[in-house]
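User: Hi, I have a structure open and I'd like to talk it through. Can we take it step by step?
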Amino acid sequence: MRGWFLPLAVAFGFIFLYAPIVSLVVFSFNESRLVTVWGGFSTRWYGELLRDRQILGSAWISLQVAFASATLATVIGTLGAFVLTRFSSFTGRLLLTGMITAPLVMPEVITGLSLLLLFVSMELTLGWPAGRGLTTIIIAHTTFCAAFVAVIAQSRLRSMDESLEEAARDLGAGPVRVFFDVTLPVIAPALVAGWLLAFTLSLDDLVIASFVSGPGASTLPMVIFSKVRLGVSPDINALATIIIGFVLVAVLIAGWLMRRALRKGG
Amino acid sequence: MSQPAIAADTKPWRREGATPFISVRGVTKQFGDFTAVADVDLEIYKSELFCLLGESGCGKSTLLRMLAGFEQATSGTITIDGEDMARVPPDRRPTNMMFQSYALFPHMTVEKNVAYGLLREGLKKSVAYERAAEMLRMVKLEKLARRRPDQLSGGQRQRVALARALVKRPKLLLLDEPLGALDKKLREETQFELIKIQETLGVTFIVVTHDQDEAMTLATRIGVMKDGKIEQIGEPREIYETPNSRFVADFIGSVNLFEGKVDAVAPDMMRIETYELGPVLLPPQAGLTLGQQVWGAVRPERFAISRSKPENTPNTWQGVVEEMGYIGHMSQYRIRLSNGVLIRASQSNRLRDEDPISWDEKVWISVQPSAFRVLTR
């Protein structure tokens, strides 16, 4: 029983996970305009993609948004996690504990809508942010990505030997010094992982971005989604293949960094 | 750096009016409803190697952490070298601590770990690394200066932790179970090395340990703790020979306890009527009244075991060897007296070709009157 069951289960697992992706990659090299009919090998859709200003522009916007919001989310999430793990009692601790993870469970539609309402009323009362666009998307993504970073950073901070921080304190470092000299380097691998996760989440998000974006600031998922509604065109396959390639490389690098950090005994 | 203490001053706690270097007065620490340290008074003198001994959860680590500044006392005062420590944060205290987990910074090399404290003092890089190297030479690790902590063995890590804690020349070094993570052989070697380093530098050490052998070997004085209180403070010999309670007698080494009442008091002799042994004769002890409930404590090695009835000893009983354990340098016995009482006795095996007393033999046990310690609690 065990002889054939295990390999079969593994095979099914792989097919289930990767068959759609493989077919997408294969069809990105399809000569034919019809997405489901093989018409011979070609790279023409890649060429077409590079001439598509709309897609390139939105890809650039998406990367900017992802980079900025992942970075901001890492800073905010780490600070939140640090406060929650290292300060035992302060006013509003319970509220912060609950709120920092709220975006994880909140339906995206609600997050998007509430942020949209916030931005509109802020514009009316404060005059900032003027209209919706890049800034509002970055703020919105930072909000929900920070929650993910906070969860990762919190678990790392909890598992970290606190006597390391006490030792630095004991040797004459003030609290801020201790954070930058000891805490930050020790939890750095987790923060890199958190940043990468935030980056991917931001790159991936369609719903929240649709709510808070304005004219002239469409992210890549928004453009793809609007194109697909008019029928799937093969250049989307090509785009998807490139994204898969990027993600694969990023994941491999992240995994390698984490493994090395673990070996170093972080 | 102070000179090693001169002979006359090696036991300042025995001298009336000596000024303590560290004094802990009425210190209490509460965590919510739980009292970890309860109204502790402690005076420690310069260049002492003081051991806080107790089971886990007795408050010894909390007391140490209050000295280091990681915990604030709920009430009471701690002064080090005449300076009140109440408002001094850990990074400003003249103390350094060696952690149980060693707490070496994993992302720094050995020499960076050791130099870290000196750099925080604002020393120039070259000076700091020079002094770190000097300290590493002292703990015989100069060859491993460029390694990271995870490339070291447990014993090497322990030395790095010690070097890092000593390099700032603290007035007081706090050591939390310094040898706890080492195996038995290495622990014994390291004990003596620790004493040597302490004597060379003249730094005052406070060591927290649950290991009584370690405390007995290392300490100039021991403070035995229980439930947040200090039960007894004394030199190792005092703690062992004149414990002040059944707890201390039982905690340090093993002991036979016999409950009884003071039966008769004469100028040169006292008699206790015990439940287990009947009347026992021993030297008089001050502060006891007729009819008072007391416990007689005898260490196992103070019993003499023989096949024939010993002469000239008042406290003699007959029994049968029920258990016998040969350890090598000594043998342990459990002897059942005719009234059913079990006595723990031991004998050192001084002769190689001795015919050892063994299981089921009928024996006589006797004990000198002076071997008894009378306890009132």
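User: OK. What does UniProt list for residues 22–252 of chain B?
Analyst: The entry, which is unreviewed, gives "domain: ABC transporter" for that stretch.

User: And how much helix and strand is in residues 22–252 of chain B?
Analyst: The chain is 36% helix and 26% strand there. The end C-alpha atoms are 25 Å apart.

User: What is the domain assignment of chain B?
Analyst: Domain 1 covers 7–94 + 170–249, and domain 2 covers 254–375. Their centres, taken over C-alpha atoms, are separated by 34 Å. Five residues of domain 1 and six residues of domain 2 make the contact. On the domain 1 side, that is two nonpolar, two polar and one charged.

User: Switching to confidence. What pLDDT does chain B average?
Analyst: Chain B averages 88, and 98% of the residues score at least 70. Residues 1–8 of chain B are below 50. That stretch has ten contacts in the model beyond near neighbours in sequence. Where pLDDT is low, the predicted coordinates should not be read in detail.

User: And which ipTM and pTM does the model score?
Analyst: The model has ipTM 0.82 and pTM 0.82.

User: Now the two chains together. How many residues does the contact take from chain B and from chain A?
Analyst: Chain B gives 20 residues and chain A gives 17 residues. In chain B, strand S6 (95–98) and helix H2 (110–120) are the elements that give two or more. H2(B) gives the most, with three residues. By class, the chain B side has ten nonpolar, four polar and six charged residues.

User: At what angle do the axes of helix H3 and helix H11 of chain A cross?
Analyst: Roughly 145°, and the axes come within 7 Å. H3(A) is residues 53–86 and H11(A) is residues 220–229.

User: Which residues make that contact?
Analyst: From H3(A), A:Gln54, A:Ile55, A:Ser58, A:Ala59 and A:Ser62. From H11(A), A:Leu220, A:Met222 and A:Val223. They divide into five nonpolar, three polar and no charged.

Notes. Residues numbered from 1 in each chain as written. Chains lettered and ligands numbered in written order. Predicted model: local features only at pLDDT ≥ 70, side-chain atom pairs only at ≥ 80, totals over all residues. Axes fitted to C-alpha atoms, helices over the stretch in contact; angles between N-to-C directions. Helix = DSSP H or I, 4+ residues; strand = E, 2+ residues; numbered from the N terminus. Contact = placed C-beta atoms within 7 Å. Nonpolar A, V, L, I, M, F, W, Y, C, P; charged D, E, K, R; others polar. UniProt positions renumbered as here; feature names shortened; annotations may be inferred. pLDDT = per-residue confidence, 0-100. Domains from an automatic or database assignment.
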